[in-house]
Amino acid sequence: MSHIQRRDDKWQARYRDAAGREHSRRFDRKYDAERWLRDQAVAVDRGTWVDPQHGRTRFDAWCEEWWATTPALRPSSRARDLSYLRSKILPTFGSMPLGSIDHMSVRAWVAELSAAGFAPATVTKAYQILSKVLAAAVDAKLILVSPCHNVPLPKVEREEMRFLTPDEIATLAGAMDARYRALVLLGAYAGLRIGELAGLRRGRVEPLRRSVRVEEILTEVGGLYWGQPKTKAGRRSVSVPGPIMDELVAHMANYCDDGQDALVFTSPAGGPLRVTTWRRRFWNPAVADAGLSPLRPHDLRHTAVALWIASGITPLQVSRRAGHTSTAFTYDRYGHLFPGAEDEAADLLARLVVTPAPAADVVPLRRDGRR
C-alpha cells in the first residue's frame, strides 16, 4: 500500500515493503513522488528492492562481517588482502555508510593512490579487493549496485622477466652454499617454485624415472604453512635432466634424512626451510658473489621455462611442466620466446594466399595521370 500527501510545501510519498515496514521520502514535485513510488513497487515485485536503512551500515562494520565469512584463502593471500584492507581501503572508506560510496568517490580514491606513488599493480589489487567487498554488499542487499564499475585504473606494465644462461646458472650454483647447490640447479632446470622446493620430500624424488613429483608446498606467512599447490595443474610430475638428478641424489645422500617423508632441502639445523631467512643468509650473498644482482629465487623458474622453450618442446609440454592452468597463459607469458613463431605463422599464411593473374592489357599510368 502506498500514498502521497502534501506536507509543508513538499510531496511526501509513503509505502510499505514486503515485511510491512513503512518507508517515506519527500519531493518538491508530485510527479517525482509518484515515479519514486512506482520504482519501489517494481523493485519489490521483482525481488530487487533494497532497504534504504541497510545503506547506512558503515563500511568498516560490513567489511568485518564480510571478512569473517570469506571462503578459506591461502595464508599468503589472506595476509596480503588483509594488509591492503587495513592500509589502503579502510582509511578512506571505513567510516562511510555503504550507501554513500558512489562512483566518483571510488575514482577519486584510485587517483589519490596513484598520486601517492603506489605502483599500478598495487592500486589495481586494492581496487579489486574493494570491488569484492562492495559486490558482496550487493548480494547481501545492503546496496542496490556496486560503484566499482568502469573506474579507470593505471596501466600495469609487466615486469621484464630475468633469465639466466646455463653458464650463469653454473656460476650461481658454484657460489651457493653446498647445502643448496642442488636447489639452485633443480629450480633452474625443473622450474619448481621456491615453496615447491621447500616442500619437496624424499619419497617424491624418483631417480630411476628421472623425475620429481610436486604435491606439497611450504610457505611462511607469520609461521610455516603446509598445503597443496594452488591449482590442480600445480600437482604434477616433472622430468629432470640426468646431470641434475645426479646432483640431487648426491645432495640427498649428504644432507637429507632417511625416510620417504624427509625434506630434501632443510635449514642448516635440519628443520623446515624458512625462505625469508634462507634468502638473507644464503641466496643474496651467493647472487652478489656470482655478480648476478638483482635476482629473485622465482627467476630460476623463468629461466627453466626459457630453457625448455629453447630446447624445442611444445607449448603444451611447457604448460604441463610449469603447472600452468592453460596453454593460453603460457603463450601470454612466454609466447615471445618460442623461436620462429612469427616466421612459421607467415609461412603458413603464404600457403593460403591466392594471387590474381596479372592483367596483360593494363597500360601503366604516366606521371601526369594519362595512359
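**Labels and the values behind them**

Colleague: What kind of model is this, and how is the 3-strand sheet with the order E4-E5-E8 paired?

Modeller: The model is predicted. Strands E4, E5 and E8 form an open sheet in that order, with antiparallel pairing.

Colleague: What makes E4 and E8 the edge strands?

Modeller: Strand E4 (205-206) and strand E8 (236-239) each pair on one side only.

Colleague: How do you know that E4 pairs with E5, and that E5 pairs with E8?

Modeller: Two strands pair if there are at least two bridges between them, so the bridge count decides. E4 and E5 are joined by 2 bridges and run antiparallel. Strand E5 (residues 211-214) and E8 have 4 bridges, also in the antiparallel sense. Both pairs therefore meet the cut-off of at least two.

Colleague: Which residues face each other across these pairs?

Modeller: Glu206 is opposite Ser211 in E5. Val214 has Arg236 in E8 as its bridge partner.

Colleague: What lies between E4 and E5 in the hairpin?

Modeller: There are 4 residues between the two strands. In that turn, Arg210 has a positive phi of about 50 degrees.

Colleague: What is the strand order in the sheet that contains E1, and which strands are its edges?

Modeller: The order is E1-E2-E3, in an open sheet of 3 strands with antiparallel pairing. Strand E1 (2-7) and strand E3 (22-27) are the edges, since each pairs on one side only. Ignoring direction, neighbouring strands of this sheet are turned by 20 degrees against each other on average.

Colleague: What makes E1 and E2 a pair?

Modeller: E1 is joined to strand E2 (residues 10-16) by 6 bridges, and the two run antiparallel. The cut-off is at least two bridges, so E1 and E2 count as paired. Within this pair, Gln5 stands opposite Gln12 in E2.

Colleague: Turning to helices, why are H2 and H3 called roughly antiparallel?

Modeller: The axes of helix H2 (residues 59-68) and helix H3 (residues 75-93) cross at roughly 170 degrees. Angles over 145 degrees count as roughly antiparallel, so H2 and H3 take that label. Their axes come within 11 Å, and the crossing is right-handed.

Colleague: Which residues make the contact of H2 with H3?

Modeller: From H2 come Phe59, Asp60, Cys63, Trp66 and Trp67. They meet Arg78, Asp81, Leu82, Leu85, Ile89, Leu90 and Phe93 in H3. By class, the contact has 9 nonpolar residues, no polar ones and 3 charged ones.

Colleague: Why is Ser267 called buried?

Modeller: Buried means under 20% relative accessible area. Ser267 has 17% relative accessibility, so it counts as buried. Ser267 is in the loop between helix H9 (242-255) and helix H10 (275-289). Leaving out residues up to four places away in sequence, Ser267 touches Arg179, Tyr180, Pro272 and Leu273.

Colleague: Why do Lys155 and Asn150 count as exposed?

Modeller: Exposed means over 50% relative accessible area. Lys155 is at 64% and therefore counts as exposed. Asn150 is at 62%, so Asn150 counts as exposed too. Lys155 is found in the loop between helix H5 (120-139) and helix H6 (166-175), and Asn150 lies in the loop between H5 and H6 as well.

Colleague: What makes Lys141 partly exposed?

Modeller: Partly exposed covers the range between buried, under 20%, and exposed, over 50%. Lys141 has a relative accessible area of 39%, so the label is partly exposed. Lys141 also belongs to the loop between H5 and H6.

Colleague: What are the phi values of Lys141 and Asn150?

Modeller: Lys141, although not a glycine, has a positive phi of about 60 degrees. Asn150 is likewise a residue other than glycine, and its phi is near 55 degrees, a positive value.

Colleague: What kind of peptide bond joins Ser293 and Pro294?

Modeller: The bond is cis, with omega about -5 degrees. Pro294 is placed in the loop between H10 and helix H11 (298-311).

Colleague: How many helices and strands does the protein chain have, and what share of residues counts as buried?

Modeller: The protein chain has 14 helices and 8 strands. Of its 371 residues, 38% count as buried.

Key
Residues numbered from 1 in each chain as written. Predicted model: local features only at pLDDT ≥ 70, side-chain atom pairs only at ≥ 80, totals over all residues. Heavy atoms only, no water. Axes fitted to C-alpha atoms, helices over the stretch in contact; angles between N-to-C directions. Parallel < 35°, antiparallel > 145°, perpendicular 65-115°, else oblique. Left-handed = near helix turned anticlockwise from the far one by under 90°. Contact = heavy atoms within 4.5 Å. Nonpolar A, V, L, I, M, F, W, Y, C, P; charged D, E, K, R; others polar. Buried < 20%, exposed > 50% of the residue type's maximum accessible area, 1.4 Å probe, protein only.
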